[in-house]
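Here are a few notes on the charged pairs, as promised. Have the structure open while you read.

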Amino acid sequence: MKEKLKKNLRVFADNGINLVLISLLTGIFAGVVVTFYNILMSLGEENSTKLYVLIRENPAFVPLLFIGLAAGSIVIGTVAKFVPMVRGSGIPQIEGAARGKVRFKWYVTMCSMFAASLACVFMGYPAGAEGPSLEIGGCAGSAVGTLLKRNQMVKRLQIASGASAGLAVAFNAPITGLVFAMEEAFRSFSPQVFICAALSVASALFTRNGLRVAVLGKDSVGFAFKNFNFEFAFDGSGALFCLWVVLAAVIVSLIGVGFYYAVFASKKLFKRITFLKGTGKYMIPFFLAGAFGLITVYSIGGGHDFIQSLATNGLGNIEIEQVFGIGLILSLVIIVVIRFITSVLSMGCGVPCGVFIPMLAIGAGLGAILSVAFQKGGMDPKYSDYLVIICMAAFFTCIVKAPITGIVMVFELTGNFTNFLPALIGIVIGYLVGMLFKTEAIYEKNLEQYIKDNKIAENFKKERVRVFIHEHSKADGKAVRAIVWPTNGLVVELIHVDGSQTVPDGETVLHAGQEIVFECDTDNVDELYEYLYSVVGKPKE
């Protein structure tokens with residue numbers, strides 16, 4: 001008993017305490033950088049809105065606006081050309097890095113994304129802070145793992161943890177950030193991923209709130225979207241509302257499918273544009289964004305203010321600044337169409353900005369349109385807020401294919417933690433409609449294209465290696481499914497101490513003295529061995 005206790009303490013010291021401390025450092029670093037980034041993003045959005053209002057009131061400045069947009073778009077296009085990691089929101093690339101598929105220099109990527117995405121916002125581009133925050137957080141995790149000279153497994157864990165912390169700081173939503181990291185970024189719900197991400201998220205949010213108090217003089221603890229009322233009762237009106245939810249979720253999800261295919265159609269079109277060695281294509285989305293900014297202030301920034309303006313606190317009366325005074329529904333349609341176009345062009349062209357919140361804004365806007373229409377058809381106005389948020393989550397789930405993140409996001413970002421049923425119905429329908437039309441997770445598909453466009457897969461080949469499991473290692477006494485193995489790898493054979501061989505499954509428990517045969521696609525065999533040694537123990541020299 002005493003010997004077993006010593007063994008457990010030694011294993012915890014080797015594999016636990018070090019990982020805990022590193023994860024805390026990742027969270028602190030990510031918290032500092034991402035907090036300042038989001039403060040600057042808010043200032044940029046506020047000032048660009050004022051600038052567009054000024055230009056709208058003084059049309060003589062319109063030519064200067066487009067000259068500035070042309071110059072800025074070429075600069076941003078040049079950055080994106082030489083630093084591919086910043087193209088688009090950066091989420092697919094950092095997901096690839098967390099899985100060992102993509103390599104990058106953390107300081108180059110962090111500085112480039114920080115500057116380029118901020119420039120987009122200051123120019124009035126409809127850009128969200130969440131995607132870049134996630135990538136900057138992942139860079140912070142990579143920095144900690146690299147500077148402390150950790151092995152590949154720890155580096156990958158810290159990239160995922162930093163990304164989770166970055167998203168949590170941007171949303172001020174710890175559970176959403178944590179779940180997104182496990183469901184989407186790392187695609188693993190293993191204890192190691194959970195513990196590392198949870199510690200990084202916690203330390204990042206402590207850092208964030210402390211810095212905001214110190215810098216801004218106030219704590220911005222609270223939910224991202226306020227005044228949304230989730231009124232729901234299990235009675236006749238509640239049952240009827242569920243039918244409205246089904247209809248709305250189907251409509252919104254079909255538009256989500258259209259958004260998905262429009263993104264990849266625009267990617268093909270932008271590849272054909274070679275003006276100014278490819279950097280000239282960035283003028284198209286920036287010129288359109290500039291024109292849209294002169295039409296309505298709701299086309300500027302990520303879309304947080306637009307979503308917030310749709311909240312009615314259960315009264316059902318949506319009040320927004322109408323476009324040219326043409327009426328509520330037409331104004332909502334114009335805003336949604338504008339945001340649809342700019343988000344599609346952002347992802348298609350590779351503008352270094354976030355589309356996470358812009359996608360949510362599209363879904364919420366669609367929900368608002370349907371809410372107004374359904375109220376005319378007999379829907380109780382008290383359900384308006386809930387329908388807006390359900391449509392937002394259904395649109396997101398249809399495109400991103402992250403239903404758990406969707407359901408958590410609905411409740412954490414609004415502060416309403418009751419009445420799950422209607423939201424669950426909408427999110428399930430969003431996921432099923434996406435499956436029906438055979439859409440893939442958009443970030444996953446973008447990662448595949450990024451790997452293809454940058455010819456990363458050409459360096460990978462299948463390798464089969466054999467390693468022994470050593471006593472006190474991470475693998476000793478653990479089930480196969482509980483271990484974070486190298487991406488695209490599989491334990492194909494287990495050789496026991498007596499020489500017998502079996503094919504393990506996820507429930508097979510590994511023990512010291514056994515030998516595993518591991519098969520994996522890799523571009524660096526030595527790095528693969530280093531990773532496996534961090535799991536099974538390094539052989540004595």
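**Notes on the salt bridges**

1. E46 comes out as partly exposed, at 43% relative accessible area. Keep in mind that this is a predicted model.

2. Next, a pair between E527 and R103: they form a salt bridge whose closest N and O atoms are 2.8 Å apart. This one ties together distant parts of the chain, since E527 is in helix α18 (residues 525–536) while R103 is in the loop between α3 (91–98) and α4 (106–122), 424 residues apart.

3. Are the two partners of that pair buried or exposed? E527 counts as buried because its relative accessibility is 18%, and the cut-off for buried is under 20%. R103, at 46%, counts as partly exposed.

4. E463 and K461 also meet through their side chains, in a salt bridge of 3.8 Å from N to O. Here E463 is buried, with 18% relative accessibility, whereas K461 is exposed, at 54%. The value for K461 goes past the line for exposed, which is over 50%.

5. Which residues make up a network of salt bridges? Have a look at E95, R99 and E444, which are linked in this way.

6. For the overall tally, the model has eleven salt bridges. As background, side chains of opposite charge can pair when their charged atoms come close.

Technical notes: Residues numbered from 1 in each chain as written. Predicted model: local features only at pLDDT ≥ 70, side-chain atom pairs only at ≥ 80, totals over all residues. Heavy atoms only, no water. Salt bridge = Lys/Arg side-chain N within 4 Å of Asp/Glu carboxyl O. Buried < 20%, exposed > 50% of the residue type's maximum accessible area, 1.4 Å probe, protein only. Helix = DSSP H or I, 4+ residues; strand = E, 2+ residues; numbered from the N terminus.
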